[in-house]
Structure formats: C-alpha cells, structure tokens
Amino acid sequence: MGIFSFLKRQRDTRHEQSNTDASLDKKLKRTRSMFKENLLGFLRGKKPIDPELLEELENQLIIADVGVDAASSIMEALQQKVSRAEMADSEALQAELHNELERLLKPVEHPLLIPDQSTPFVILVVGVNGSGKTTTIGKLAKQLQLGGKSVMLAAGDTFRAAAIEQLQTWGERNDVPVVAQKTGSDSASVIFDALQSATAKNIDVLIADTAGRLHTQAGLMDELKKVKRVLSKLDADAPHETLIVLDGGTGQNALSQAREFHAAMNLTGLVISKLDGTAKGGIVFAIADTLGIPIRFIGVGEQVDDLEVFEASRFVSALTDMGESVSETTLAEPEV
Ligand SMILES: Nc1nc2c(ncn2[C@@H]2O[C@H](COP(=O)(O)OP(=O)(O)OP(=O)(O)O)[C@@H](O)[C@H]2O)c(=O)[nH]1
Ligand SMILES: [Mg+2]
C-alpha cells in the first residue's frame, strides 16, 4: 500500500474516532470528573474574575496533576487576557481555559506516520515494569495491519518466560510473526536477529519489546543502549522510533521516568497508557509541557482496540466537554 492510501486509511480511522467521542468521554471518565467537577465546576455561574478566583483555578490545575509549570504557563496567558479585559466573568474564563489546555497539547500532536521505505521501519518500545509495553505493542500491531502494513514482533524482553509467551499470544491473535529466543538470552541479539529476518521477509514494520526497566539502574539502561547500537549496525537509521510507554495512572512519576529514559535513549515518541480508570490524566498536560516529545497514542483499556491516536482537541474536549465537534483533520506531511 502506498503512502497516500496509508494516510487516507489513517484519516478514515481518525474520522471514525471522531464519531465515537462519547466513548472516549466514558473511558476517560475519572479524569473527566476531576476536570469537570473540580476544575470547571467552581467557574460556573458567571462569577466575577478576581485574584482569589484565579488563585483557586491555579490550585485546581495543580490538584488535577497538570503540574506547577504547565499551570503557571496557563495562568500567565489567562492573566494577560484578564488584564486586557477580554473576559467578562468566570464562564468566559472557562472557555479560555479550554483554549489554553488545547494550546499546551498542540505542539506534541504528531501522529506516528510510517513512510514507505525499502527496509523495515523499526519501533523500539521501552518503559518501566508494568507500564503497558507489551499490551501496547499488541494493539499497535493491529492498527498498523489495518493500515495495510506487514508487521513482525521481536521478543526483546528475555528476562521472563511469561513475557515471551505474552508477546506470542498477541502475535497469534493478530496473525503476526514473533521472533523469540529462550529466556535469558541476550536482548540485543534477539532484536538484531529479528531485524535480519524482517529485512529478508520484506516486512514493513518491526516492533521490538524490551524488559521492564528500572530507570534508576544504570546497567539496565546500558542494555537498552546496546540494543540501539546493535540495530544501527544493520540500518544506520534504526530504530526509527524509540517509543516509551508511560503508565498515566502513576501521575508525576511518569514524568520523571520519561526524563530518565529520554536522557539515555533519545525518545522520539510517547504512549500514555491506562488513562481509563485513573483520575490522574492531567499528567498528559505536564508531560506535553515539560518534555515536548510527540505523544503518539493514548491507551484507554486492555482490549486490542483501546489505543487511540492522540489528538489535542479531542482529548481536551473529552475532559471538559466544551470543544467544538471534531471535523476531519487536514493531513500533515509525514514527519518521521
Ligand atoms: N486499564 C488498562 N490496562 C492496561 C492498559 N495497558 C496495559 N494495561 C494492563 O497493564 C498490565 C501490564 O501491561 P503489560 O503490557 O504487561 O506491561 P509491560 O510494560 O509489558 O510490563 P513488563 O513486561 O512487566 O515490563 C496488564 O494487565 C495490561 O492488561 C490500558 O491502557 N488500560
Ligand atoms: Mg512486557
């Protein structure tokens, strides 16, 4: 499938997603109630905008896990509009808040677009123990297949037998080949072999799983760096995407994990998983504001279809219910 039909497919998928915003609202319901009840609730009723109200708004942003830096950037923008008398009352402030939240997320809205290339596009998936890496790989494999790509998986988490089996189960479910060796083998060599095999079989996308890493353990980071080094011997540009999966339910911890991995691995994309069932989804704003790394997807459940392409306006609307309905998005040039 050529790049244009692939892009069209992605656009169609996004268009389908825009029709299911009610279900995104539902999946994000805990963060949504945090935003709607606490953050926006007290702005209802056309109250006058005074310093106390603004201070309370800043507190609520921080309580909602938006983070101190992102909260003060939002407040600064709102203050300017208040001092220019552009807002009449708290309800006008509410609408501006929606705009500011969206403005914060826009710079990291870059969907993962796989270009047509003669060698496999390699996605290396990293992140701490239990963040949702293997599950995300299973979901992503299916999405890429729906987009017309052939996919292979590499069982680079060689620490636990169960980890290899878990990936093989996802492979069987999606009818995707999985390259694996026995538990305890060298992760870099498994992924290296997988890339050789994917190249020989003309596979479009190779997704490599890795063990749950403790970001505080330098030895484990070194192993991930070795995977990168070894891959670049076969293809100087591989991995084409180094994707971290962050558990959105861990709040501010997700931010420090991302920083550590970024320093070691030069991340090119993020997935924020488990945004269903947490009230800490405000962390997405802190992550966007602090790291500036593209957020490719959000994970909103354990099922294969619970991976959504990240879109700033849909996300903010799902939390605040104040946005315009999503129209068909104009496609950007692939930036990978
Ligand atoms: N509710 C929910 N659960 C998720 C999501 N993503 C993953 N999970 C669950 O989180 C648990 C851990 O997911 P894994 O994919 O095994 O995580 P991992 O990062 O591969 O873990 P390790 O291999 O131990 O490092 C599993 O029970 C998943 O079903 C999500 O978006 N929402
Ligand atoms: Mg795993």
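What follows is a chat about the ligand shell, the sheet and the salt bridges of a predicted model.

Visitor: What lies 2.8 Å from a nitrogen atom of ligand 1?

Guide: A polar side-chain atom of aspartate 276. There are contacts to oxygen atoms of the ligand too: an N or O atom in the side chain of asparagine 129 is 2.9 Å from one oxygen atom, and a polar backbone atom of serine 131 is 3.2 Å from an oxygen atom.

Visitor: How much of ligand 1 does the protein bury?

Guide: The protein buries 81% of the 650 Å² that ligand 1 exposes when taken alone.

Visitor: Nice. Changing topic: what is the strand order in the sheet?

Guide: The order is β3-β2-β4-β1-β5-β6-β7-β8, in an open sheet of eight strands with mixed pairing.

Visitor: Which strands stand at the edges?

Guide: β3 (178–179) and β8 (307–309). Each has a single partner strand, so one side of each is left without a neighbour in the sheet.

Visitor: What about β4, how does it pair with β1?

Guide: β4 (residues 205–210) and β1 pair in the parallel sense over four bridges. Within that pairing, isoleucine 207 in β4 is the bridge partner of isoleucine 123.

Visitor: And how many bridges join β2 to β4?

Guide: Six, and the two strands run parallel. Here alanine 208 in β4 is the bridge partner of alanine 154.

Visitor: How many residues of β4 are buried?

Guide: Six of its six residues. Both faces are covered, with Val205, Ile207 and Asp209 buried on one side and Leu206, Ala208 and Thr210 buried on the other. As background, side chains in a regular strand alternate between the two faces of the sheet.

Visitor: Now for charges. How many salt bridges does the structure hold?

Guide: It holds 15 salt bridges. One of them joins the side chains of lysine 81 and glutamate 96, at 3.0 Å from N to O. This pair links distant parts of the chain, with lysine 81 in helix α5 (residues 68–83) and glutamate 96 in helix α6 (residues 90–105), 15 residues apart.

Visitor: Why does glutamate 96 count as buried?

Guide: Because its relative accessibility is 18%, and buried means under 20%.

Visitor: Which residues are linked in a network with Lys81 and Glu96?

Guide: Glu100 and Arg103 are linked with them in a network of salt bridges.

Visitor: What does lysine 149 form a salt bridge with?

Guide: With aspartate 116, the closest N and O atoms being 3.3 Å apart. Lysine 149 sits in the loop between α7 (133–146) and β2 (151–156), while aspartate 116 is in the loop between α6 and β1 (121–126), 33 residues apart.

Visitor: Are those two buried or partly exposed?

Guide: Lysine 149 counts as buried, at 7% relative accessibility, whereas aspartate 116 counts as partly exposed, at 44%.

Visitor: Last one: what is the partner of arginine 314?

Guide: Glutamate 308, with the closest N and O atoms 3.0 Å apart. Arginine 314 is buried at 2% relative accessibility, and glutamate 308 is buried at 6%.

How values were computed. Residues are numbered from 1 along each chain as its sequence is written. Chains are lettered from A and ligands numbered from 1 in the order in which they are written. This is a predicted model: local features need pLDDT of at least 70, side-chain atom pairs count only at pLDDT 80 or more; totals for chains, interfaces and linings use all residues. Side-chain values use heavy atoms; hydrogens and water are left out. A salt bridge is a side-chain nitrogen of Lys or Arg within 4 Å of a carboxyl oxygen of Asp or Glu. Buried means under 20% relative accessible area, exposed over 50%, partly exposed in between (1.4 Å probe, protein chains only). A polar contact is a pair of N or O atoms within 3.5 Å; within protein, one must be able to donate a hydrogen and the other to accept it, and residues adjacent in sequence count only if both atoms are side-chain atoms. Accessible areas come from the Shrake-Rupley method with a 1.4 Å probe; for residues, only the protein chains shown count as cover. Two strands pair if DSSP finds at least two bridges between them.
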